[in-house]
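Here are some notes for a colleague who will be looking at the coordinates alongside the text.

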Amino acid sequence: MSEEKPTEKGEEKVTRRGFLKYVVAAAVIAGAAGAGIGYYLSRPAAPATTAPPSGYLKRWPTPKLNLQKDIPYVCTAFIGLANPWDELNRIGAEWYCKDVLGWDMEIVWPEADTKRENDGVETAIAKGVDGIVACPLDSLANAKIGEMAMNADIPLVEFGIDMYHHWPLAMYQRDDYDSGKFCALFAVDELTRMYGKPEGKILHCHGYRGSMSDVLRTSGFHDVITKYPDISLVEVGNSWVATAEYPKIKAAMAANPDLRAAYEEMGGFHECVVTAARELGWEEEKIKDLICVNCDLFPVNIIGYEEGTQDYCHMMPTGPDMLTECFEQLREFWKKGAPDCIPPIGEKFTFEKYLPEMQWDAEVDGFKPLQFLRDPEWGIAGTKTTNHQYGYCPIKPAPCGGTATSWVVIPDRIITKEDYKELCIYWNWPIWGLQAWK
Amino acid sequence: MNKEKIILFCIDNLVWLLVIATFIIFSLLCPIYATLSSIYAILQIAAFVGPIALGLMLCVLAGDFDLSLAQIAGLGAVLVCWFVELSGLNLPYYVVLSMPFIAALLIGLFQGTLIGRFGLNPFLITLAGWIIWRSLKLYFSGGHYFSVTRPEYIFLGHARIYGTIHVSAAIFLAITILMWFILTHTKIGTWICAVGSAPDTAKRLGVNPGKIKLLVHTVAALLAALTGIFYVGQLRGFVQPNVADWDIFKAFIAIAVAGVDIRGGRGRVPNVLGGVVFYAMILHGAQMLNIPWPFSEYILPGGLTLLAVALLHRLDIFRDMIIARKIRI
């Protein structure tokens, strides 16, 4: 290669040496990326903390409402993610708050935008709401909701996701961790039944990594699976969008044709697994033999049950479960004030004691959604049964789990090791969910 | 063929060299990668990114952007499901399947008119479109997950030709060939590139840039609608409201790796095919190798795109200097 001098002053010269620079730069970047992968793979697991921080100082909101003569005006903030879970939350909230209790409600629907959620709540406070029920999109970004409520001296009850603020009166939480745990137990039992002992590869289809749901569902699953060294995991995925995850699941299944089970963190992932298996030419018998366990129950999973491809679903509470407790919690606060209205950390939660005015027989189209929660064993408050989560969820050691705030985990039903395999087809996804669907 | 021509050919088709290199590397690391089944899977991934990438390329060639294409695709998918499951109208399947195209046509004409006729900024207009069409998508879905299982609706996204290549991939390849022909063998193709590279000159030569922009935005929207119909079938009719939400980034990766000049006027359709296939190969290969997710999801595609773009930038200058005889090989 020979060069001529540029004809115009300042014109860019590209020489072989210049080229070499880019090759070297590319090699350096590739080396750094390789080193990064090596470091990532070799790093030790983060040590698990075993207990939440204690001694968090807080004050309580002042109960200012007189339920005898005032009609409560409540702000309810959802995550606005446009998925069935969130949609059912909204339907459940509107039904219970407006139709059953006759309260006024301001809805904040931020469409998964943390700032919009904060702004929406701020506007609602400015309008003069008496209480706030919120599912923060982000524990940190939406901690401002707690701050705003505290400054306005308004009670705040959370559901679904917690926040880094000590103002929430109580937190009603899904059983993501237990969902993962029971899915793992089922997979282990089935592997033992089918292959003599728990061994082989399990495909783990993740939701959005770092989201609380994914972290807890993963923790629950891994805590069981890691006890079985002959089980290896093939981990794939990073979103809650099945169409986006399908190619990845298919690639992982193509590379691992000896998979024995699939753990699906979201209902729609089952369709990905089955479609991918069929696309890859797996025989129907092999697809049915694949042990598919799932944290959700969507209509596609019911189809999976009917086809014989879905083996187990463990579902999480939605609208009629969580939102009703939140509103009743506010009612109890206005009646008794804090902290008498909430269960102390570690105490078994009973409706009779803490939410005695729950409208069990409230109907929607002839259906009584709350009947499914009616059980004296229902719910545990605080940390005694939930402190296992502190060790695994990076956002958990927040004030929310501190000395004062009650944190109530809602099981989708009372589950024991004896009955956890029962098909929960009666539960509110197919009934309440499909009604809302139509 | 002399040395200069070989170098120019390699520069112009760099993406295909990347495709070949990627294929060889992944095949060595994971032998299953080189099977026909794997290649079909790669082509299927490409078929879902491809039409949006082709549409985006058209807009970029004409000196514009269209950020809303992925949302138009998602809206198309949700519209089909809405008409089947929620509307209560029992419309024939061909009418339902034409709805995404009708919506896309209206959207394309609307955005194209604002950009071409009124000279509004394409980035801002299509960003607004991104928000509006996404909201419409969520509105029509109402938060529901759809399960449209009737075969006529899932055929295009799900079916395969005699158990080999997917129908969606075949359609994408056919469209690619058609678009290549139009851009290289017709006046319209020349006009599009002219408007993108030198709009004033094109205007003086009698080309109406406004009409060209209207055309490219409309065609791009129609291509996005086709992707939406593919999405209906991908998982046997299982469609979520957030379908295709971030696909525009995949399309941008594809056209960037393909060497389409983001300033307009320069880009080759076969290279966009190469860019889309390259993206699909990386996605597929990374999962097959079970590479940890931060690398397979973000660092690998992002880093490779960065490298490819930097390399292409230098090679573009190099090529121009060879062509201008400022450097002799």
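1. Leaving aside neighbours within four places in sequence, Thr227(B) is in contact (heavy atoms within 4.5 Å) with Phe48(B), Pro51(B), Ile52(B) and Ala73(B). Thr227(B) sits in helix 11, residues 209-234 of chain B, helices being DSSP runs of H or I with at least four residues, numbered from the N terminus. Thr227(B) counts as buried because its relative accessibility is 0%, the cut-off being under 20% relative accessible area with a 1.4 Å probe and protein chains only.

2. This is a predicted model, in which local features need pLDDT of at least 70 and side-chain atom pairs count only at pLDDT 80 or more, while totals for chains, interfaces and linings use all residues. Residues are numbered from 1 along each chain as its sequence is written, chains are lettered from A and ligands numbered from 1 in the order in which they are written, and side-chain values use heavy atoms, with hydrogens and water left out.

3. Chain B and chain A bury about 5100 Å² between them, 60% of it on carbon and sulfur atoms, where buried area is the accessible area (1.4 Å probe) lost on putting the two parts together, summed over both. In chain B, Tyr145(B), Arg236(B) and Arg314(B) lose the most area to chain A, together 13% of what that side buries.

4. Four salt bridges (a side-chain nitrogen of Lys or Arg within 4 Å of a carboxyl oxygen of Asp or Glu) are found across the interface of chain B and chain A. Glu297(B) and Lys248(A) meet through their side chains in a salt bridge, at 2.9 Å from N to O.

Terms used:
Helices (H or I, at least four residues) and strands (E, at least two) are DSSP runs, numbered from the N terminus. Buried means under 20% relative accessible area, exposed over 50%, partly exposed in between (1.4 Å probe, protein chains only).
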